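Welcome! Below is a short tour of this structure, arranged by topic so that you can follow along in the viewer.

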Amino acid sequence: MNEEFQDLYREIILDHNKSPRNCRTMENPDRVVQGKNPLCGDNYKVYVKLDGDTVSDVSFEGSGCAISKASASVMTEFLKGKSIDEVEKFFNLFHEMVTGKLDVDDCFDEVGKLAAFAGVAEFPVRVKCATLAWHAVHTAVTSEEAEASTES
Ligand code: ZN
């Protein structure tokens, strides 16, 4: 990854941490999942509204470190309008990207702003921060569970 992109990605994370998108309580959500990362103390409630198999709205609220908050914010923007199959696809892809199993250059066109978190692969302790909101939304669309933890 070249330096120009690293700067752009840093900007995206700073911006979403400072002004998180879709950071609000949702009225009448179809699913609510509490996501916890006990290692860092990140704790978010993720709300999902479904229209058939499509995520028509997704929002979050709670508190945590800069990476977890920025990731939740970028994720909600990214997933709005996606199908449940796509949520699952990108949940897996994002996980592979932030754990370094997938080179961001190989999925660049597909992941858009999610690529901002590719650098997390260099900081393994931060992987759970970056994936927390994703675990919560994955739990929301695939199960009846009300909680998701990075430790299970
Ligand atoms: Zn964290």
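Along the chain, the donors of the zinc ion are spaced in the pattern C-x1-D-x22-C-x63-C. Please keep in mind that this is a predicted model.

**The zinc site**

- The zinc ion has its protein donors in Cys-40 (SG), Asp-42 (OD), Asp-42 (OD), Cys-65 (SG) and Cys-129 (SG).
- These donor atoms lie 2.2 to 2.6 Å from the zinc ion.
- Distant parts of the chain are linked here: Cys-40 sits in the loop between strand S1 (31–37) and S2, while Cys-129 belongs to helix H5, 89 residues apart.
- Are these two cysteines buried or exposed? Cys-40 counts as partly exposed because its relative accessibility is 35%, which falls between the limits of 20% and 50%.
- Cys-129 has a relative accessible area of 1%, so Cys-129 is buried.

**The nonpolar core**

- In soluble globular proteins, nonpolar side chains tend to be buried together.
- Here, the largest nonpolar core holds 46 residues, and Phe-117, Trp-134 and Val-137 have the most contacts inside it.
- At least two residues of this core come from each of helix H1 (3–18), strand S2 (42–51), strand S3 (54–63), helix H2 (66–79), helix H3 (84–98) and helix H5 (127–142).
- H5 gives the most to this core, supplying 10 residues.
- Which residues does Phe-117 touch, leaving out those up to four places away in sequence? They are Ile-13, Ile-67, Ala-70, Ser-71, Val-74, Phe-94, Met-97 and Val-98.

**The largest pocket**

- The largest pocket has a volume of about 490 Å³.
- Its lining is made up of 20 residues, and the closest to the centre of the pocket are Ala-116, Ala-118, Gly-119, Val-120 and Phe-123.
- By type, the lining residues divide into 13 nonpolar, 3 polar and 4 charged.
- Which element gives the most to the lining of the largest pocket? That is H1, with 4 residues.

**A residue on the outside**

- Glu-3 is part of helix H1.
- Glu-3 has a relative accessible area of 63%, so Glu-3 counts as exposed.
- From Glu-3 to His-138 the C-alpha to C-alpha distance is 32 Å, and the two are 135 residues apart in sequence.

Note on methods:
Residues numbered from 1 in each chain as written. Predicted model: local features only at pLDDT ≥ 70, side-chain atom pairs only at ≥ 80, totals over all residues. Heavy atoms only, no water. Core = buried A, V, L, I, M, F, W, Y, C linked by side-chain atoms within 4.5 Å. Buried < 20%, exposed > 50% of the residue type's maximum accessible area, 1.4 Å probe, protein only. Contact = heavy atoms within 4.5 Å. Donors = N, O, S within 2.8 Å, 3.2 Å for Na, K, Ca; no water. 1 Å grid on protein atoms, 1.4 Å probe; cavity = no way out; pocket = protein on both sides within 12 Å on 5 of 7 lines; lining within 4 Å. Points joined across faces, edges and corners; volume = space filled by probe spheres on them. Nonpolar A, V, L, I, M, F, W, Y, C, P; charged D, E, K, R; others polar.
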